[in-house]
Amino acid sequence: ISCILFCTSCKPFNIYTQTVMSDPQVSGVTKTGASVSIEVLEMGRSPLEFGFCWSTSNSPVFPTDSCRYWREHEITKRETGYDLLSASLESLTPNTTYYIRSFAVDDIDEPTEGYHYSYGENIKTFTTYSSDAVADYDGNYYQTIQIGSQIWMTENLKTTRYANGSSIPNVTSDIDWENLNESDKAWCWYENNSSYKDPYGALYSWAAVMNSAASSTSNPSGIQ
C-alpha cells in the first residue's frame, strides 16, 4: 500500500511565539525625571522591538506615545536570562502622574502575516515631585507643605549623609544599637531592609538627628 502526500503551501511551518516582558520598575523619581528598568522574560521567535512606553494618558501605546525600546542584538543573553534593561526619563513635567507599561513587537509569518503588538500585564503609575520639593545630598526628593509660615516635608527623611556630604554611620546590629551612647551617630533601614526606604524613610539615633547641635533651637528651623 502506498500513499502520496500533497503540500498546499510552499511556506515553512512556523510556530509563532511572542516576546514577553516584565512590568517596568520605576525608581529615582525627581521633579523632571525617573529611572526605569525592565526585563525580557521570554524572547519570541521573531522579535522586532521591545521596551516600555509612557504617557499622561492612562493607556500608553507604542509608537504613538513616548517610548524607549531595544532590539534583540542590543542585549545579552545570560545563563539565567537576559540582561536587565535600564533607561532614564528626562524632561518630565513636575507634579504630574505618568502611566507606563511594557510592550513588544513581533514579526509573525503564520498564521497571519504582519506585526503583533503585545503589552505587559499591568500599567504602572508614578508621580513626579512638585517644583517646590526639596532634595537631600543623596538625591532623594521630598514633597513639602506649608503650615503657617513654615515649610514642612511630607515624607520621612531617608538620607545617609549630611548636607555637607559627610556620611552618617550605618549601624545594622541590634547589639551595636543597644551599645550606642548619646553622642554616637547612626542610621539604618527598618529591619535592615532597603525596601522600607521609600515608604517609611530611615531610622536615626538622636545624635545623628541633632548633628552636634546643643538643642533643637540650634537647628535652622528653630524648632524640635
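**Exercise 1.** Find how exposed Phe62 is.

Solution. Phe62 has a relative accessible area of 12%. Buried means under 20%, exposed over 50%, and partly exposed in between (1.4 Å probe, protein chains only). So Phe62 is buried.

Before you go on: this is a predicted model, where local features need pLDDT of at least 70 and side-chain atom pairs count only at pLDDT 80 or more, while totals for chains, interfaces and linings use all residues. Residues are numbered from 1 along each chain as its sequence is written, and side-chain values use heavy atoms, leaving out hydrogens and water.

**Exercise 2.** Classify the pair formed by the rings of Trp187 and Trp189.

Solution. Start with the rule: rings of Phe, Tyr and Trp (its six-membered ring) pair if their centres lie within 6.5 Å; planes under 30 degrees apart are stacked, over 60 edge-to-face, the rest tilted. The whole structure holds 10 such aromatic pairs. Here the centres are 4.7 Å apart and the planes sit at 75°, so the pair is edge-to-face. Next, check accessibility: Trp187 comes out at 6%, so it's buried, and Trp189, at 14%, is buried too.

**Exercise 3.** Which arginine lies over the face of Tyr119?

Solution. The test: NZ of Lys or CZ of Arg must be within 6 Å of the ring centre and within 35 degrees of the ring normal. Arg101 lies over Tyr119, 3.9 Å from the ring centre. Likewise, Arg68 sits over the face of Trp70, at 4.1 Å from the ring centre.
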